[in-house]
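Subject: Structure for you to look at

Hi,

Here is the structure I promised to pass on. Please open it next to this email, and then read my notes below.

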Amino acid sequence: MRLGLCALILAGFAAAQDFPPGSRAPSIEYFPPEITTVYRGHAKPVQLQFRIASGFHINSNRPKQEYLKKTELKLDAPTDIAILKVTYPAGEDRSFPFSPDEKLSVYTGDFAVAVSVRPLKTVLPTKYAVHGTLKYQACDNAACYPPKQMPVSFEIKVVKDPNANKRRNPAQSPHAHR
Amino acid sequence: MKRDPIILIVVAVVISLMLVFGIQKTRHSQPLQGGAGKLQGQPAPDFSLASLDGKTLKLSDFHGKAVLLNFWATWCEPCKIEMPWFIDLQKKYGAQGFQVLGVAMDDASPSDIADFAKKMGVNYPIVIGKEAVGDQYGGLPYLPSTFYIDRDGKVIERVFGLRSRSEIESNIQKAMGSQGQVAQK
């Protein structure tokens, strides 16, 4: 009896999740990271977390087919804050009901994009906001939605490198007169 | 008859969850289809768009034919699946007064679209779409979106998303035969 009830609950949830293709708009959530502290002149990665609603997928940064729109993060950093590198996760090779014989490189569920930031040595130590957009194009199992751009931003706190003075003044080094 | 209260609570929770999700599902499923539903049975809005070979094509140029009007894009994988079916169906029914017309709702250049269409072996005209034309058809929140137009130029069916080849063929037959049905009435 209890097993039957569990089955009923699962069936209820399955029915609730079974949205007909194309019946709801795709949604991607962005979870801004906590403020990242970065030393002046040093690079540090910042992880940007995204979540794609269940039932949808977006192309990875390296889709297998040339005509597909890749997921891409475009950032506009303040002067003196350099964006060194944007690292995308590898796509998941998946086939879908609309094309069972073809594998697409996609993101589903949660994924993170790593952004390597480096404040210049001369930048004023304070908080800086980096703004940008995530460009993506989503599909479900039977339809595709026009390419979209999602606003993205995160903050970094630039602080002085505590070792910077030591390096700048070799006379203080015990090995300076070796 | 003695009833376990836990069972009753679980049943009540399941029913409530199904109701909540059902209502959400209904709410979410309505706006995406835009105003396309209003077009059914109405004259298909005419448009004039540039084709891939540089000519200007009007929908009304095909008056008297049953038309499958397919909005698609190069970035739409499900759209790619339908194309070979459209090619076959154009061959099969073309002589009986059937015409597929593709509308590329794409931000790719016309030459890229033409290149894509050539690779797919498309044997029907493709025009470069405009958002305003999509709006005329009730807005196109997603692709593929296909409208079946009868020989009188009326929309008899609109379909969103990828459907089976048999469903497509059945709608084509409906579009081709509807004039006959009207005439018999």
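Start in chain A, with A:Asp80, in the loop between β5 (72-76) and β6 (81-87) of chain A. Helices and strands here are DSSP runs, numbered from the N terminus: helices are H or I with at least four residues, strands are E with at least two. A:Asp80 has a positive phi, near 75°, and is not a glycine. A:Asp80 counts as partly exposed because its relative accessibility is 33%. Buried means under 20% relative accessible area, exposed over 50%, and partly exposed in between (1.4 Å probe, protein chains only).

A word on the model. It is predicted, so local features need pLDDT of at least 70, side-chain atom pairs count only at pLDDT 80 or more, and totals for chains, interfaces and linings use all residues. Residues are numbered from 1 along each chain as its sequence is written, chains are lettered from A and ligands numbered from 1 in the order in which they are written, and side-chain values use heavy atoms, with hydrogens and water left out.

Now the sheet in chain B. It is open, has 5 strands in the order β5-β4-β3-β6-β7, and its pairing is mixed. Strands pair if DSSP finds at least two bridges between them. β5 (126-128) and β7 (155-160) of chain B are the edge strands; each has a single partner, so one side of each lacks a neighbour in the sheet. On average, neighbouring strands of this sheet are turned by 20° against each other, direction ignored. Axes are lines fitted to C-alpha atoms, for helices over the stretch in contact, and angles run from 0 to 180 degrees between N-to-C directions.

Strand β4 (residues 98-104) of chain B pairs with β5(B) in the parallel sense, over 3 bridges. B:Gly102 has B:Ile126 of β5(B) as its bridge partner. Two helices pack on the sheet. Helix α2 (residues 77-93) of chain B touches β3 (66-72), β4 and β6 (145-149) of chain B, and its direction makes about 155° with that of β4(B). Helix α3 (residues 110-120) of chain B touches β3, β4 and β5 of chain B, at about 160° to the direction of β5(B). Contact means heavy atoms within 4.5 Å.

Of the 6 residues of β7(B), 5 are buried, so the strand is largely enclosed by the rest of the structure.

Which residue stands opposite B:Tyr148 in β7(B)? It is B:Glu157. B:Glu157 counts as buried because its relative accessibility is 18%. Its side chain makes a polar contact with the side chain of B:Lys174 (3.0 Å). A polar contact is a pair of N or O atoms within 3.5 Å; within protein, one must be able to donate a hydrogen and the other to accept it, and residues adjacent in sequence count only if both atoms are side-chain atoms.

One last item is the cis peptide bond between B:Leu143 and B:Pro144, with omega about 0°. B:Pro144 lies in the loop between α4 (131-136) and β6 of chain B.

Best wishes
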